[in-house]
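This briefing covers salt bridges, nonpolar cores and overall composition. Please read it alongside the sequence and coordinates.

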Amino acid sequence: MLFALETDEKLNREVLAARTDEAKLEALIRKNRRFILGCAYKTTHRFITESDDEWSVALIAFHEAVQAYESGKGNFKSFAALVIKRRLLDNIDREARSKNEISADLSGAETEDGEPAPSVLLEAQRRISEESMRRAEETGSVKDEIDAVGQTLRGYGFSFFDLPEASPKAQKTKDACGRVIRALMADEAMMAQLRRTGTLPAKQLCVTAGVPRKILENHRKYIIAAAEILNGDYPQLAEYLRFVKRGETE
C-alpha cells in the first residue's frame, strides 16, 4: 500500500513537471501508453490500437488532463481516466448524432421536383442501419473474447493490455514472430509444454522457426497471446492475426 502511494505521488510530480517540458511530456505519454489504451477499451468495450481514431481522442484527452491537473485534485490517473472517458463518450455521441442526421436526411430525401428520393439513397440508409447493428454486435463479441482470453493470459503473468507494447513493430520482426507462432501451433507437444510450464520452449522453437533467441525474449507476450488466440475460439481477435495463420505478410 505504501509503495502504491509513493508510486502515485511520483507520477503526480512527473505530470506537474511535464506541463512545461515537452521532452518530459513525451516521456510521460510513452510511459503511460498502456494506461491510455486501457482507458479507451474500458469506455468503448473494444480492442483499441494506435491506428484507431479512438486512440487519437484518448491521447488528446490525456494531454488535456496533464495540462489541467493540479496536486489538489488527488491521484492523477483517476483524474486522467475520467477526462479520457468523457472525451471518448463525447466522440461516440458525435458519431451517433452524425449517423442519425444522415439517416434522417436520407429517409425524407426528395428530388428538386419533390419526387421521392432515388432508391440508391434508400439503399444507403438501409446499409447505414445494418452497419450500425453489425458493429454493435461485433463490439460486444470482441469484448467477450478479450475478457475470455484475458483470463488465459493472466495465467502467464501478463495482461491483454500489455500486447500493444509487446507487439513487434518492424515487418522483419513480425515475420520472424509469425514463424515462431506457426511452429508453436503446429506442435502439440510444445503447446502442451507452454501451457504446463508457462514458458516458451525456446531452444526447440529457435531451431524449428529459424529465428534468434532474442526474438522470443523480446516478444514472448505477443507470441504466447497469438498462439492462444489462434488455437482458441476467438474469431474476432483472430482476424487481427490472420496474416500469421496464413503465413502472409501484413
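Arginine 46 counts as buried in this predicted model, because its relative accessibility is 15%, under the 20% limit. Its salt-bridge partner is glutamate 54, with the closest N and O atoms 2.5 Å apart. Glutamate 54 is buried as well, at 9% relative accessibility.

**Other salt bridges**

- The whole structure contains six salt bridges.
- Glutamate 64 and arginine 87 form a salt bridge through their side chains, at 2.6 Å from N to O.
- Glutamate 64 belongs to helix 4 and arginine 87 to helix 5 (residues 76-107), so this pair ties together parts that are 23 residues apart in sequence.
- Glutamate 64 is partly exposed at 30% relative accessibility, and arginine 87 is partly exposed with a relative accessible area of 30%.
- A network of salt bridges links Glu64, Arg87 and Asp90.
- In another salt bridge, the side chains of arginine 213 and glutamate 217 meet at 3.4 Å, N to O.
- Arginine 213 and glutamate 217 are four residues apart in helix 11, and therefore separated by about one helical turn.
- Arginine 213 is partly exposed at 47% relative accessibility, whereas glutamate 217 counts as exposed at 53%.

**Valine 66**

- Valine 66 sits in helix 4 (residues 53-68) and is buried, with 0% relative accessibility.
- Beyond its neighbours within four places in sequence, valine 66 contacts Val15, Ala18, Arg19, Leu25, Leu28 and Phe76.
- The C-alpha atoms of valine 66 and phenylalanine 79 are 9.3 Å apart, and the two residues are 13 apart in sequence.

**Nonpolar cores**

- The largest nonpolar core holds 42 residues, and Phe160, Leu184, Leu216 and Ile223 have the most contacts inside it.
- Several helices each supply at least two residues of this core, among them helix 6 (119-154), helix 8 (171-186) and helix 12 (220-231).
- Helix 12 contributes the most to this core, with eight residues.
- Leaving out residues up to four places away in sequence, leucine 216 touches Val180, Leu200, Ala202, Leu205, Cys206, Val211 and Ile223.
- A second, separate core has 26 residues, including Ile29, Phe35, Ala61 and Ala65.

**Overall composition**

- The protein has 14 helices and zero strands.
- Of its 250 residues, 38% count as buried.
- Among contacts with a separation of 6 or more, 59% join residues 24 or more positions apart.
- The accessible surface is about 14,800 Å², and carbon and sulfur atoms account for 51% of that surface.

Key:
Residues are numbered from 1 along each chain as its sequence is written. This is a predicted model: local features need pLDDT of at least 70, side-chain atom pairs count only at pLDDT 80 or more; totals for chains, interfaces and linings use all residues. Side-chain values use heavy atoms; hydrogens and water are left out. Buried means under 20% relative accessible area, exposed over 50%, partly exposed in between (1.4 Å probe, protein chains only). Contact means heavy atoms within 4.5 Å. Accessible areas come from the Shrake-Rupley method with a 1.4 Å probe; for residues, only the protein chains shown count as cover. A nonpolar core is a set of buried Ala, Val, Leu, Ile, Met, Phe, Trp, Tyr and Cys residues joined through side-chain atoms within 4.5 Å. A salt bridge is a side-chain nitrogen of Lys or Arg within 4 Å of a carboxyl oxygen of Asp or Glu.
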